[in-house]
Amino acid sequence: MKLGNHLFRARKKSGLSQEEVAGKLGVSRQTISKWETDETLPDICQSKRLANLYGLSLDELIEFDVDVKEIQKYIDRTDDAVSEKIDWTKAWSRKYPILAAYQSELDTKPYVAELN
């Protein structure tokens with residue numbers, strides 16, 4: 001998901017309009033719209049102010065994804081015995097294909113013991 005979509009979803013979740021956010025940050029409504037459509041990006045100071053306004057950390061704002069939070073709820077409620085049977089790398093690789101590539105790379109590299 002692109003940053004603009006993260007910003008849009010975080011703003012909606014906080015119940016604020018583009019006009020309200022613009023007023024609190026001292027920018028135009030069009031600026032907020034451009035951020036949310038990925039036309040432009042907020043600078044780091046503006047991003048921090050957005051995160052504070054939405055009640056999120058900067059990391060959470062950048063990675064804001066309602067689906068992931070919903071999935072985490074299910075994982076937390078999953079019995080440990082069931083959880084141990086799940087190939088989590090394979091499951092998460094559907095959403096984040098880089099995980100499969102990374103795991104494949106790990107599987108093909110020979111194990112080298114660290115000598116101290």
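What covers the buried residues of α1? The cover includes α2, α3, α4 (44-54) and α5 (58-62). Keep in mind that this is a predicted model.

**Helix α1**

Let's start with the helix itself. α1 has twelve residues, and from its first C-alpha to its last it reaches 16 Å, close to the 16 Å expected at 1.5 Å a residue. Its buried residues are Gly4, His6, Leu7, Ala10 and Arg11. These residues cover an arc of only 160 degrees around the axis, so they sit on the same side of α1. After the helix comes glycine 15, which has a positive phi, near 80 degrees.

**The salt bridges**

How many salt bridges does the structure hold? There are two. In one of them, the side chains of arginine 11 and glutamate 36 meet with an N to O distance of 2.5 Å. That pair links distant parts of the chain, since arginine 11 belongs to helix α1 (residues 3-14) and glutamate 36 to helix α3 (residues 29-36), 25 residues apart. Are the two partners buried or exposed? Arginine 11 has a relative accessible area of 4%, so it is buried. Glutamate 36 counts as buried too, at 11% relative accessibility.

The other bridge joins arginine 29 to glutamate 19, and here the closest N and O atoms are 3.9 Å apart. Because arginine 29 lies in helix α3 and glutamate 19 in helix α2, this pair ties together parts that are ten residues apart in sequence. Arginine 29 is partly exposed, with 31% relative accessible area.

Here are the two pairs side by side:

| Arginine 11 – glutamate 36 | 2.5 Å | α1 and α3 |

**Glutamine 18**

Now for a residue that touches both bridges' arginines. Glutamine 18 is found in helix α2 (residues 18-25). Which residues is it in contact with, leaving aside its neighbours within four places in sequence? They are Arg11, Arg29, Ile32, Ser33 and Glu36. With Glu36 there is also a polar contact between the side chains, at 3.0 Å.

Is glutamine 18 buried or exposed? At 15% relative accessibility, under the 20% cut-off, glutamine 18 counts as buried.

Technical notes: Residues are numbered from 1 along each chain as its sequence is written. This is a predicted model: local features need pLDDT of at least 70, side-chain atom pairs count only at pLDDT 80 or more; totals for chains, interfaces and linings use all residues. Side-chain values use heavy atoms; hydrogens and water are left out. Helices (H or I, at least four residues) and strands (E, at least two) are DSSP runs, numbered from the N terminus. Buried means under 20% relative accessible area, exposed over 50%, partly exposed in between (1.4 Å probe, protein chains only). A polar contact is a pair of N or O atoms within 3.5 Å; within protein, one must be able to donate a hydrogen and the other to accept it, and residues adjacent in sequence count only if both atoms are side-chain atoms. Contact means heavy atoms within 4.5 Å. A salt bridge is a side-chain nitrogen of Lys or Arg within 4 Å of a carboxyl oxygen of Asp or Glu. The expected span of a helix is 1.5 Å times one less than its number of residues. The arc is that of the directions from the helix axis to the C-beta atoms.
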